[in-house]
Amino acid sequence: MLNKKKVAIVIAIPIIIILLLVVIFVVNNSGGSKVNKIYDKLSKVQSYLFEMKDTSGYEIGIAKKDGATCIDMNSDNERVTTLVKDNATYVISHSQKEYRVYNADVAGETVITDMLGNLKNFKATTGKEKINGKSYEYEEYDGFAGFMTSTSIEIDEENTKTRFYFNGNNLAYIETIPQEGDKELLEVKVSFDVPSELFEIPSDYEEKKDTAY
């Protein structure tokens, strides 16, 4: 006859294993969507560089480090960098090799975390799709167009979708899908090793002061 204590132990072992697996699953999947996890990380770290590039070659990079912010916008015709540091804002025109100084924040230092934070109350749908022959997982949000860079078209945000494509946990693309008009695809790179040179004004650039009339 089997010992009752041994039977109880034999039964208990798989139950304990199942409970442990459930706990591990809950811990590993807590924290919501991948977009929310990116928002949480960017909100906590002291430095990051969030780079985006569209199919026409327009590039924008938003960097933070040691309390300073750099917003760098580069198109075919012009590259403009906005620095927020030392309680002032510097707007730099690279083609003119000049800059202007403003005693206020005119840049929107928290633009990336603000947009990602807006999605915390949105419910995402998920799926998979290939971009340039490679498969990515995505999270899709209805009624959001915060990452649309084109200013030449008007869209109805309530009828617009935004997809965030991931390679593992790394954000790779953001696509804005309006109900009418063309989609906009941004290639994205997020890094946390931020060069200090991004926050410096080149030494051969001249300060341009507004002339009072």
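User: What makes strand 7 (residues 125-131) and strand 8 a pair, and how many bridges join them?

Analyst: Two strands pair if DSSP finds at least two bridges between them. Seven bridges join strand 7 to strand 8, and the two run antiparallel, so they pass that test. Strands here are DSSP runs of E with at least two residues, helices are runs of H or I with at least four, and both are numbered from the N terminus. Bear in mind that this is a predicted model: local features need pLDDT of at least 70, side-chain atom pairs count only at pLDDT 80 or more, and totals for chains, interfaces and linings use all residues. Residues are numbered from 1 along each chain as its sequence is written, and side-chain values use heavy atoms, with hydrogens and water left out.

User: Which residue of strand 8 is the bridge partner of Lys130?

Analyst: Ser135 is. In the hairpin of these strands, with two residues between them, Asn132 has a positive phi near 50°.

User: Why is strand 9 (161-167) described as largely enclosed?

Analyst: Buried means under 20% relative accessible area (1.4 Å probe, protein chains only), exposed means over 50%, and partly exposed lies in between. Five of the seven residues of strand 9 are buried, so the rest of the structure largely encloses this strand. Six bridges tie strand 9 to strand 8, antiparallel, with Phe166 as the partner of Glu137. Strand 9 also pairs with strand 10, again in the antiparallel sense, over seven bridges; there Phe164 sits opposite Ile174.

User: How do you know which way helix 2 passes helix 3?

Analyst: A crossing is left-handed if the near helix is turned anticlockwise from the far one by less than a right angle, and right-handed if clockwise. Helix 2 passes helix 3 in the left-handed way. Their axes come within 9 Å and cross at roughly 145°. Those axes are lines fitted to C-alpha atoms over the stretch in contact, with angles running from 0 to 180 degrees between N-to-C directions.

User: Which residues make the contact, and how does it split by class?

Analyst: Contact means heavy atoms within 4.5 Å. Helix 2 brings Val35, Ile38, Tyr39, Leu42 and Ser43, while helix 3 brings Ile112, Thr113, Leu116 and Gly117. That gives six nonpolar, three polar and no charged residues.

How values were computed. Ala, Val, Leu, Ile, Met, Phe, Trp, Tyr, Cys and Pro count as nonpolar, Asp, Glu, Lys and Arg as charged, and the others, Gly among them, as polar.
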